Amino acid sequence: MFNLDTIKNLYYVYSPLKSNRELEKNYITTTHNEAPSNVSIRTHYNDIILKNFLNESVIKAAFIQKYSFQKSPDSNVTAFEINVGGSRADLCLLNGKSVVYEIKTEFDTFNRLESQLLDYRKTFEYIYLIIPKSKLGEALSYLTPNDGIIIYSQNRHQKILFKVYKDAIINPLIDSRFQLEQLTKAQLYKLTGEKNGDKGVLVDNILSSHTADEINKIYIDFIKSKFKKRWTYLYHHRNHINPLDYQWFFKNNIDSSIIYR
């Protein structure tokens, strides 16, 4: 098997938008080996990277396979990379509640974690940090008693496993104004029935006429509705999409036979 640096380089040159021929050329250049003839080049890239370079994309794919794909898309929506304040949440699960998952692998730092968690606490009901065991000690200093922790590991068969180290408790720090500010003007217009106006005024009007629980439900319903079509597409086509490409096909609902060429 290749060393970690070579596998990292394979990951960096991989893209779902590259043709099979391009990927084969990149493979030969990167590994100094011939491309395999008994398996598709895309499958080969995925197999090597998913087992040997546990970066954010790899952990995200494994988590979705383990949890999100096991839930009906009729009532459950998983969304990638939701913008929240100045942060971008790795994964969010939206059904009757909102759950955010932030992934920090052994290759990541915690430089932005404090500000990310502050944004998430203003927005989501349940907050989980997904980390390897080696990051546990450092992670605990950033978390409140309400935040949950999921530990990932790899067994001797190179399968990624997840274990809930600590369950999340409902977050009491949700900020209704902050939630509404994450919505677009178009969404606020739809909610208020108005056709124009300053966003700040729209937010003030909603705050004065709705309870915090009502606004939380409004936020969940709007975000779930925004991403439902994308998630449903990925869910129903998951068997034809390589794990490293889940996020790309979530954002671009295109037939994989057109992309994989």
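Modeller: Helices (H or I, at least four residues) and strands (E, at least two) are DSSP runs, numbered from the N terminus. This is a predicted model, in which local features need pLDDT of at least 70 and side-chain atom pairs count only at pLDDT 80 or more, while totals for chains, interfaces and linings use all residues. Residues are numbered from 1 along each chain as its sequence is written, and side-chain values use heavy atoms, with hydrogens and water left out.

Ile48 belongs to helix H3, residues 41-52. Ile48 counts as buried because its relative accessible area is 3%; buried means under 20%, exposed over 50%, and partly exposed in between, with a 1.4 Å probe and protein chains only. Leaving aside residues up to four places away in sequence, Ile48 touches Met1, Phe2, Ile7, Leu10 and Tyr27, where contact means heavy atoms within 4.5 Å. Leu10 is 38 residues from Ile48 in sequence, yet their C-alpha atoms are 8.8 Å apart.

Now the sheet. Six strands form an open sheet in the order E1-E2-E3-E4-E5-E6, with mixed pairing; two strands pair if DSSP finds at least two bridges between them. Strands E1 (77-84) and E6 (160-166) are the edges, each pairing on one side only. Neighbouring strands are turned by 30 degrees against each other on average, direction ignored. Strand E5 (148-154) pairs with E6 in the antiparallel sense over 6 bridges. Ile150 has Val164 in E6 as its bridge partner.

Terms used:
Axes fitted to C-alpha atoms, helices over the stretch in contact; angles between N-to-C directions.
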